[in-house]
Amino acid sequence: MFPRLHIVTDSLDVVRGAVGHGPVAVQIRIKTSDRLAYALTTAALPLCRAAGALLLVDDRVGVALAAGADGVHVGADDLPVAAARRVLGPSAVLGATCRNPEQARAAVADGASYLGVGPAFATSTKDGLPAPIGPAGIAAVTAAVPGTPVIAIGGITPERAATLDCYGVAAVSAIAADPAGAAVELLAALSSRPGAA
Ligand code: TZP
Ligand code: MG
């Protein structure tokens, strides 16, 4: 099953701590260079394989392919979803950032296999973000794309993960200080929701 918890990180220590506690996806998010992103992705790969975690790369389609990762997450400044799908082929995981039902439907039509939706709540982790869409915005996107996993991002905590109406969540800062403890807490919060498998 597609993981409900996505660990977004630029740290091998975070990968090491966060995997092995339940089903997760690790998203390698390095904004500086392909070189560094490739190095971290190749280092994370055996850890993810051993733990059964999915390995995704933020932004960088070439890095994901070269490193043998499972997929990519693209946003507004990256390859368009349809182009990324053409490069990756039909079976790779391909995530797309969106914030409303129209963008969500377009991304799915273009070949996205899951959606990163937000910011759900205010966050200082990323600059230049638009206003948070809140739980209602997350629920609206979830309703718009039945069958496509919606992963909420932005200000995610275990308390918020337990109540959002979406398939799963992605966390950066919540997981950074104590990756193992946070992964356990977030996984428990997600599985506490009604209907969660
Ligand atoms: N995209 C939308 S919000 C965000 C990204 C990369 C940052 C989320 O970070 P945090 O620390 O989990 O709020
Ligand atoms: Mg991006």
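1. D59 is buried, because 21 other C-beta atoms lie within 10 Å. Here "buried" stands for 20 or more other C-beta atoms within 10 Å of a residue's own, "exposed" for 12 or fewer, and "partly exposed" for anything in between, with C-beta atoms placed from the backbone.

2. The model is predicted: local features need pLDDT of at least 70, side-chain atom pairs count only at pLDDT 80 or more, and totals for chains, interfaces and linings use all residues. Residues are numbered from 1 along each chain as its sequence is written, while chains are lettered from A and ligands numbered from 1 in the order in which they are written.

3. An unreviewed UniProt entry places the feature "binding site" at D59 and D78. They are spread over 20 residues of sequence but cluster in space, with a largest C-alpha distance of 5.7 Å. UniProt positions follow the numbering used here, feature names are shortened, and annotations may be inferred rather than shown by experiment.

4. The loop between β3 (54–58) and α3 (61–67) holds D59. Helices (H or I, at least four residues) and strands (E, at least two) are DSSP runs, numbered from the N terminus. Neighbours within four places in sequence aside, D59 is in contact with V74 and D78; contact requires C-beta atoms, placed from the backbone, within 7 Å.

5. D78 sits in the loop between β4 (71–74) and α4 (81–88). D78 is partly exposed, because 17 other C-beta atoms lie within 10 Å.

6. The buried residues of α4 pack against α3, β4, β5 (93–98) and α5 (101–110). G89 follows α4 and has a positive phi, near 85 degrees.

Technical notes: Contact = placed C-beta atoms within 7 Å.
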